[in-house]
Amino acid sequence: QSKLVESGGGLVQPGGSLRLSCAASGFILDYYAVGWFRQAPGKEREGVSCIDIMHDITNYADAVKGRFTISRDNARDTVYLQMNSLKPEDTAVYFCAIDLSNRCGIQVPTTSETGIWGQGTQVTVSS
């Protein structure tokens, strides 16, 4: 069974850092672009970042540019999201998904342009 599993969420103070992981199981992640998304309470799920390793492309939503970094370790079939200088407004459930948009170089994908999803990991930024 092909799936993605996120981990690394937690409670952090404003200004702190977390690194989220998105691990693939049952398939080889190398062949796919991957996106990170988040959903805050009462809000729609939104794209945060994407990585297309075949074309050496990454992209970020304006809200996280300069603070978040997406990367991948193909040997571990894992994509990471390093989140620095976290703000309370970053509080959300974070998901990873296969990005089917083929437009990562232009913009982060929308939720309709995705394939397999993970179950999500909670990130809470609070003092």
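Where does Y32 lie? In this predicted model, Y32 is found in the loop between β3 and β4 (33-39). The legends below treat this loop and the strands around it.

**View 1. The surface patch formed by I28, Y31 and Y32.** These residues make up a nonpolar patch on the surface, and together they have about 330 Å² of accessible area. Y32 has a relative accessible area of 35%. Y32 is therefore classed as partly exposed, a term for values between the limits of 20% and 50%.

**View 2. The two faces of strand β1.** In a regular strand the side chains alternate between the two faces of the sheet. Along β1, the side chains of L4 and E6 point to one face and are buried.

**View 3. The pairing of β1 with β3.** Strand β1 (residues 3-7) pairs with strand β3 (residues 18-25) in the antiparallel sense, over 5 bridges. Within β3, C22 is the bridge partner of E6, and S21 is the bridge partner of S7.

**View 4. The pairing of β3 with β8.** Strand β3 is also joined to strand β8 (residues 78-83), by 6 bridges. The two strands run antiparallel. Opposite L20 stands L81 in β8.

Key:
Residues numbered from 1 in each chain as written. Predicted model: local features only at pLDDT ≥ 70, side-chain atom pairs only at ≥ 80, totals over all residues. Heavy atoms only, no water. Pairing = 2+ DSSP bridges. Helix = DSSP H or I, 4+ residues; strand = E, 2+ residues; numbered from the N terminus. Patch = residues over 30% accessible without salt bridge, like charges linked within 9 Å, V, L, I, M, F, W, Y side chains within 5 Å. Areas by Shrake-Rupley, 256 points an atom, 1.4 Å probe, with all protein chains shown as cover. Salt bridge = Lys/Arg side-chain N within 4 Å of Asp/Glu carboxyl O. Buried < 20%, exposed > 50% of the residue type's maximum accessible area, 1.4 Å probe, protein only.
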